[in-house]
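Here is a friendly walk through the charged side-chain contacts of one protein model. Have the coordinates open as you read.

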Amino acid sequence: MRCVSILLACAALFLGACGESSLPDPTGKGSVRAINAIPASPEITFLIEERAVGVAEYKSGTSASSFDDFSYNFNFELLYLGDSEPTRIASQNLQVVAEKDYVFVLGGTLDNASVTVWEGDERTWTGDETNFELRFGHAAASFDSMDVYFVPENDVAGPNNLVDTLAYGEAGAASELAEGTYAIVATTAGDINDVIFQTVELAFTARTTLLVTFFDGDENDLAPIAVRAIQPGGTVFAFADSRTSPTTRFIHASADLGPVDIQ
């Protein structure tokens, strides 16, 4: 009986010790997401520690995920053709802070990747706002610093609507603006006449959160710079340069139809 009592006492002590966690209690959650800014890259997997949380092709982003306000290692991997295991190309440690939004921008090259983190505040909508949130980011390595104008309908770019001057790798502060029609104009920094990108007037709707990011254009773009609006959910909107004419390509795939003229 004495041996049984001792064993039961030891078991109780062991279970009591196991019931206490050495981890601190979180005070809240922050959101993290990633943008792939490596030209001509395949899909890249974004991981928190060893857990995949999303994939992103060039000029796109993952959806935001919420995590407790602890410190984590965030990693980027891709699977090369013919390999059975992914290759890790970059890592970044980050202390997550509650109610912050972190955007990991993967740039450089596949052989020498770099990670820049754009930090902001999380934005939630209650459903009756008439504003939208807008932020600009510069991820186009081929371009130097740029001035970004957000031009209201029937207006022209000028000092009154200059919203950011961005160097490569930088993101501006978020702004809340009234829903409406605007154009985006980007110029070489300090030279309003040297336009490098310009949209037509576009409708921006309330209760949307947009990170408008400049990328280097690739073979899928008609202009040397590509602009994408990326939402926290991962939805991407492409903005065309209004100064570049669209192209059309026709493909003849009918075996029964001879040569044709297209007018």
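Predicted model: local features only at pLDDT ≥ 70, side-chain atom pairs only at ≥ 80, totals over all residues.

Residues are numbered from 1 along each chain as its sequence is written, and side-chain values use heavy atoms, leaving out hydrogens and water.

A search of the whole structure gives 10 salt bridges, each defined as a side-chain nitrogen of Lys or Arg within 4 Å of a carboxyl oxygen of Asp or Glu.

| Pair | N to O distance |
|---|---|
| Arginine 88 and glutamate 50 | 2.8 Å |
| Lysine 100 and aspartate 121 | 2.6 Å |
| Aspartate 241 and arginine 243 | 2.8 Å |

Let's start with the pair of arginine 88 and glutamate 50, whose side chains meet at 2.8 Å. These residues link distant parts of the chain, 38 residues apart: arginine 88 lies in strand β7 (residues 87-95), and glutamate 50 in the loop between β2 (44-48) and β3 (51-56). Strands here are DSSP runs (E, at least two residues), numbered from the N terminus. Arginine 88 is partly exposed at 35% relative accessible area, whereas glutamate 50 is exposed at 59%. Buried means under 20%, exposed over 50% and partly exposed in between (1.4 Å probe, protein chains only).

In the pair of lysine 100 and aspartate 121, lysine 100 is partly exposed, with 24% relative accessibility. For aspartate 241 and arginine 243, aspartate 241 is buried at 8%, while arginine 243 is partly exposed at 45%.

Finally, a network of salt bridges joins Lys59, Asp218, Asp221 and Arg228.

Methods: Helix = DSSP H or I, 4+ residues; strand = E, 2+ residues; numbered from the N terminus.
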